[in-house]
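Work through the exercises below with the model open beside you. Try each task before you read its solution.

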Amino acid sequence: MAISPRSDATFSSQKSTPSESPRTKKFPLTEEEIFYMNCRAAYLTVFKSSLENIISKDQLYLALQHAGRNPSQKTINKYWTPQTAKLNFDDFCIILRKEKPTSKAELLKSFKQLDVNDDGCILHTDLYKFLTKRGEKMTREEVNAIINLADVNADGKFDYIKFCKLYMTTNEQCLKTTLEKLEVDSKLMRHQFGNHIEGSPERDPSPVPKPSPKITRKTDPETFLNKGDTRSSLLSATRKFKTSVSFTVTMGANGNRNSKLMEPNLIKDWQHMQSKGCFFLEEDGEIISHQYRMQIAQRSMVYLTIKPLNLSQVEGKPSPWLSVDTALYILKENESQANLQLVFGWTGELGPGIYWLIPSTTGCRLRKKIKPVTDEAQLVYRDETGELFLTKEFKSTLSDIFEVIDLDGNGLLSLEEYNFFELRTSGEKCDEDAWAVCRENFDTKRNELTRQGFMDLNLMEANDREGDPCDLWVTLHSMGYNKALELTEACPFVIDIYAEKCKPKIKAVHMEACSGQLEKAICKSVLSNGDAKVMDGYENIIVHTYSCDTWITSVIENKSDEKVIIHISNELSKNCINNRGLNIFAVEVGPKSTMVCQHVMPLNERQEWIYYCIYSLIS
């Protein structure tokens with residue numbers, strides 16, 4: 001969803017509506033209403049409510065930035081005079097109407113006046129003189145920050161064409177971030193903003209904003225941004241990016257992802273346990289999976305692996321889950337359940353105790369598929385007598401599902417295993433009484449459901465609906481299958497545990513999103529083992545990058561007391577994919593916090609891949 005701040009009309013006509021109320025379904029939003037929605041989104045990025053007032057120049061500057069504007073100090077001073085005590089939301093809307101976003105054409109025209117060689121570049125010496133000696137002067141530190149922007153400077157020259165592209169992209173990301181933030185919190189849809197209430201049942205003309213008594217209404221042509229003034233346009237643009245840092249990592253081809261996992265000597269004599277599980281992709285893109293407890297009775301060398309589970313593969317049918325990356329985080333359980341310490345690795349010595357095993361995937365290859373499926377597979381059919389049967393293709397799919405949910409691999413489903421399946425597909429558990437009825441009516445062995453019993457259970461569900469497969473499709477979609485019965489939004493896996501001196505035990509205990517706990521573990525691991533680069537002039541903003549054989553992870557650490565927005569560009573990377581699915585994006589990092597910025601993997605593992613990422617501080 002790209003939002004280009006080329007003009008006020010462009011800003012007013014964004015199609016990114018937070019949600020559809022009955023009113024928006026009945027009447028499409030007018031340009032005026034969309035303008036107000038975007039104003040509100042920007043305002044609520046800075047304030048908890050649109051009823052709050054702007055009470056400082058810094059707040060005004062930040063709100064305008066989130067609205068895609070990039071005001072100079074001269075512009076701020078025009079609206080915040082010595083007599084100004086506060087501005088309200090309606091004042092903010094008035095300012096946005098007057099302060100048009102700078103277009104790419106206007107920026108290029110401004111820079112071109114300094115391009116003496118007409119080659120798309122400006123000498124650093126000329127840029128320095130212009131920014132520090134004329135008009136609204138910049139400090140030496142500010143100019144150095146511009147010159148140090150990694151992707152737009154080389155050989156003593158400033159590439160203003162690349163810079164304009166970066167500037168416009170960042171404005172788009174700022175606007176996108178504000179709209180996404182508004183969309184996530186549905187409660188914001190019920191806030192009043194100014195005198196305009198969104199979602200009223202009848203179509204009313206949009207009200208005219210009422211300025212607060214404190215705003216200066218007099219228009220002074222000298223104080224407005226002159227679009228033909230090179231200095232004003234240049235200052236407005238260059239102050240968007242405070243500083244940047246870049247990472248470059250060249251990785252060789254790796255045809256076999258598991259080739260470097262060296263098994264310990266004499267592992268065939270070690271004691272072995274195995275458990276299966278699955279990553280599931282939720283509608284919002286979040287990934288959930290089984291989580292496990294592992295018990296080690298005495299100190300022992302332990303070898304752990306996790307890999308995608310091989311299922312019955314129909315010839316010519318894709319198996320995308322087999323290319324999904326898998327990893328395993330081991331966290332020792334202390335006396336305090338909340339205090340989990342990271343012990344990450346494939347092999348090593350573990351002391352006696354209980355450990356959490358948390359499967360992880362970067363999400364680079366397990367993502368929502370855009371390509372729609374046109375042909376829907378048939379699940380059931382009736383013979384000439386009218387009796388209902390499962391199709392051969394559906395039986396094969398159910399057999400694969402049985403293989404996935406049979407966590408201990410004994411060929412039978414216990415109540416505990418079946419309940420993981422039920423929670424995933426229906427959100428409910430099967431109690432002991434219902435399980436007893438199940439055992440009476442379907443094939444079981446040792447009080448556990450057989451594969452045939454599982455098939456018959458699904459056939460009964462189809463019969464209950466008189467052959468309507470809608471409930472069966474709910475089950476299939478929940479398990480990650482599309483309409484063509486392709487497993488595209490899940491990745492089943494198998495965990496193998498070998499211990500030298502004792503019999504390890506493993507038990508699945510949860511199936512949930514582990515983003516919070518796992519993100520902390522990943523951040524801790526990357527901060528301990530990765531390469532760190534500090535943003536020039538901002539020692540509290542640090543980018544950490546960790547590379548292993550198969551992927552690269554970056555973490556942003558913000559030690560400051562303020563939230564920051566970081567612009568990320570992967571455009572110069574080669575043969576790479578990332579978990580966000582975007583080459584250019586922006587992230588917001590809260591004060592005194594760390595966050596996983598992105599995971600990156602090769603698009604084609606059999607070819608060399610180059611990770612070249614530029615991180616720019618914009619707020």
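**Exercise 1. A stacked pair**

Is Phe389 buried, partly exposed or exposed?

Solution. Start with the basis: this is a predicted model, where local features need pLDDT of at least 70, side-chain atom pairs count only at pLDDT 80 or more, and totals for chains, interfaces and linings use all residues. Residues are numbered from 1 along each chain as its sequence is written, and side-chain values use heavy atoms, with hydrogens and water left out.

Next, the scale. Buried means under 20% relative accessible area, exposed means over 50%, and partly exposed lies in between (1.4 Å probe, protein chains only). Phe389 has a relative accessible area of 28%, so it is partly exposed. Tyr381, at 37%, also counts as partly exposed.

Now take the two rings together. Rings of Phe, Tyr and Trp (its six-membered ring) pair if their centres lie within 6.5 Å; planes under 30 degrees apart count as stacked, over 60 as edge-to-face and the rest as tilted. The centres of Tyr381 and Phe389 are 5.7 Å apart and their planes meet at 25°, so the pair is stacked.

**Exercise 2. The largest core**

Which residues have the most contacts inside the largest nonpolar core?

Solution. A nonpolar core is a set of buried Ala, Val, Leu, Ile, Met, Phe, Trp, Tyr and Cys residues joined through side-chain atoms within 4.5 Å. The largest one has 67 residues, and Leu357, Ile401 and Phe454 have the most contacts inside it. Strand S16 (residues 490-499) gives the largest share, seven residues.

Contact means heavy atoms within 4.5 Å. Beyond its neighbours within four places in sequence, Ile401 touches Phe421, Phe454, Leu476, Met479 and Tyr481. Another core lies apart from this one; it has 23 residues, including Val564 and Cys613.

**Exercise 3. Helix H16**

List the buried residues of helix H16 and find what covers them.

Solution. In H16 (residues 470-478), Leu472, Trp473, Thr475, Leu476 and Ser478 are buried. Their cover includes strand S5 (271-281), helix H12 (392-405) and helix H15 (451-464). Check Trp473 again: the charged end of Lys483 sits over its ring, 4.4 Å from the centre. The rule asks for NZ of Lys or CZ of Arg within 6 Å of the ring centre and within 35 degrees of the ring normal. After H16 comes Gly480, with a positive phi near 100°.

**Exercise 4. Strand partners**

Which strands does S7 pair with?

Solution. Two strands pair if DSSP finds at least two bridges between them. S7 (residues 300-308) is joined to strand S10 (residues 347-350) by four bridges, running antiparallel. There, Val302 has Gly348 as its bridge partner. Seven bridges join S7 to S16, also antiparallel. S7 is mostly covered, with seven of its nine residues buried.

**Exercise 5. An open sheet**

Solution. Write the order: five strands form an open, antiparallel sheet, S18-S19-S20-S24-S22. Strand S18 (531-535) and strand S22 (576-578) stand at the edges with a single partner strand each, so one side of each lacks a neighbour in the sheet. Five bridges join S18 to strand S19 (residues 538-547). Across that pairing, Lys533 stands opposite Val543.

**Exercise 6. A positive phi**

Where is Arg446 found, and is it buried or exposed?

Solution. Arg446 lies in the loop between strand S14 (444-445) and strand S15 (448-449). Its phi is near 50°, a positive value in a residue other than glycine. With a relative accessible area of 60%, Arg446 is exposed.

Key
Helices (H or I, at least four residues) and strands (E, at least two) are DSSP runs, numbered from the N terminus.
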